[in-house]
Amino acid sequence: MLTHFNVALLAEDPELATLCVNLAQTNFAHQADQYLLGENALPHVTLCQFEVEPERLAEVWSTLKTLTTTTVKLKIHSLCIKPGNAQNKGTYWVGLSVSSTPEIERLQKSVFDTLAALEIAGTTLPQSFFPHITWVRCDYKNAPCLKIMPPPQLFENTYRFSMTLGRSDQYGVYKERLY
């Protein structure tokens, strides 16, 4: 049976992860639809979502972990609110956009291509890759409105992230780090 997984970058700084969860919960707990950072949804930057049999995960990670041996340094660019498309039509996605760099674009494409070489169809296509940390998914009836803004230093600092493989769901909620 196929299960949802996500190759993602997780922040090494627990303060960044805590800040993202607190901002998401404080601003959007009352209007979330299927996705809200918190206890069962870890803040992350998706490199590629995919479905595969759980028995193949060790093989998948063994191949993927060779793509980077260092942490990736990322800078938060801005708040972002994007309308959902395809299965997410009628929703808004709210979070933080991450500055795109040649390094993160190469890593994302390498992950996608590596999965393809393993005959696994990634759903995060390189041509539409948008690095970001999702806070919440809201339906159109509940337009997003922030009560508390992020502190300015969030956009001034550079953060270290590590590539991981985790269990997710059809909405891309990163539920649990496996590797």
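Which backbone oxygen lies 3.5 Å from a polar atom of the side chain of Tyr159? The backbone oxygen of Leu154 does; point 1 takes up this residue.

The model is predicted, so local features need pLDDT of at least 70 and side-chain atom pairs count only at pLDDT 80 or more, while totals for chains, interfaces and linings use all residues. Residues are numbered from 1 along each chain as its sequence is written, and side-chain values use heavy atoms, with hydrogens and water left out.

1. Tyr159. Tyr159 sits in strand E6; helices (H or I, at least four residues) and strands (E, at least two) are DSSP runs, numbered from the N terminus. The relative accessibility of Tyr159 is 9%, so Tyr159 counts as buried (buried is under 20% relative accessible area, exposed over 50%, partly exposed in between, with a 1.4 Å probe and protein chains only). Contacts of Tyr159, leaving aside neighbours within four places in sequence, include Asp13, Leu16, Val72, Ile76 and Leu154; contact means heavy atoms within 4.5 Å.

2. Asn27. Asn27 belongs to helix H1 and is buried, with a relative accessible area of 0%. The side chain of Asn27 reaches the backbone nitrogen of Ile148 at 2.8 Å. For polar contacts, the criterion is a pair of N or O atoms within 3.5 Å; within protein, one must be able to donate a hydrogen and the other to accept it, and residues adjacent in sequence count only if both atoms are side-chain atoms. Not counting residues up to four places away in sequence, Asn27 touches Cys145, Leu146, Lys147 and Ile148.

3. Thr124. The loop between helix H3 (102-117) and strand E5 (132-139) holds Thr124, which counts as buried at 15% relative accessibility. The side chain of Thr124 reaches the backbone nitrogen of Gln49 at 3.1 Å. Apart from neighbours within four places in sequence, Thr124 is in contact with Thr46, Leu47, Cys48, Gln49, Gln108, Phe112 and Phe129.

4. Helix H2. Leu57, Val60, Trp61 and Leu64 are buried in helix H2 (residues 57-64). These residues cover an arc of only 95° around the axis, which puts them on the same side of H2; the arc is that of the directions from the helix axis to the C-beta atoms. The buried residues of H2 pack against strand E1 (3-11), strand E2 (45-52), H3 and strand E6 (158-168).

5. Nonpolar core. The largest nonpolar core has 47 residues, and Leu9, Leu47, Phe50, Val111, Trp135 and Met163 touch the most other members. Such a core is a set of buried Ala, Val, Leu, Ile, Met, Phe, Trp, Tyr and Cys residues joined through side-chain atoms within 4.5 Å. Helix H1 (residues 14-28) gives the largest share of this core, six residues. Val111 touches Val7, Leu47, Cys48, Leu64, Leu67 and Met163, not counting residues up to four places away in sequence.

6. Cysteines. There are zero disulfides in the structure, a disulfide being a pair of cysteine sulfur atoms within 2.5 Å. The sulfur of Cys80 is 11 Å from the closest cysteine sulfur, in Cys20, which is too far for a bond. Cys145 is in no disulfide either, and the nearest cysteine sulfur, that of Cys138, is 10 Å away. Cys80 is buried, with a relative accessible area of 11%.

7. Aromatic pairs. The structure holds four aromatic pairs. Rings of Phe, Tyr and Trp (its six-membered ring) pair if their centres lie within 6.5 Å; planes under 30 degrees apart count as stacked, over 60 as edge-to-face and the rest as tilted. One of the pairs is Tyr35 and Trp93, with ring centres 5.5 Å apart and planes at 80°, so this pair is edge-to-face. Tyr35 lies in the loop between H1 and E2 and Trp93 in strand E4 (residues 91-98), so the pair ties together parts that are 58 residues apart in sequence. Tyr35 is buried at a relative accessible area of 3%, and Trp93 is buried at 16%.

8. Positive phi. Gln34 has phi near 75°, a positive value in a residue other than glycine. Gln34 is in the loop between H1 and E2 and counts as partly exposed at 47% relative accessibility. Glu119, in the loop between H3 and E5, has a positive phi near 60° and is likewise not a glycine. Glu119 is exposed, with a relative accessible area of 74%.
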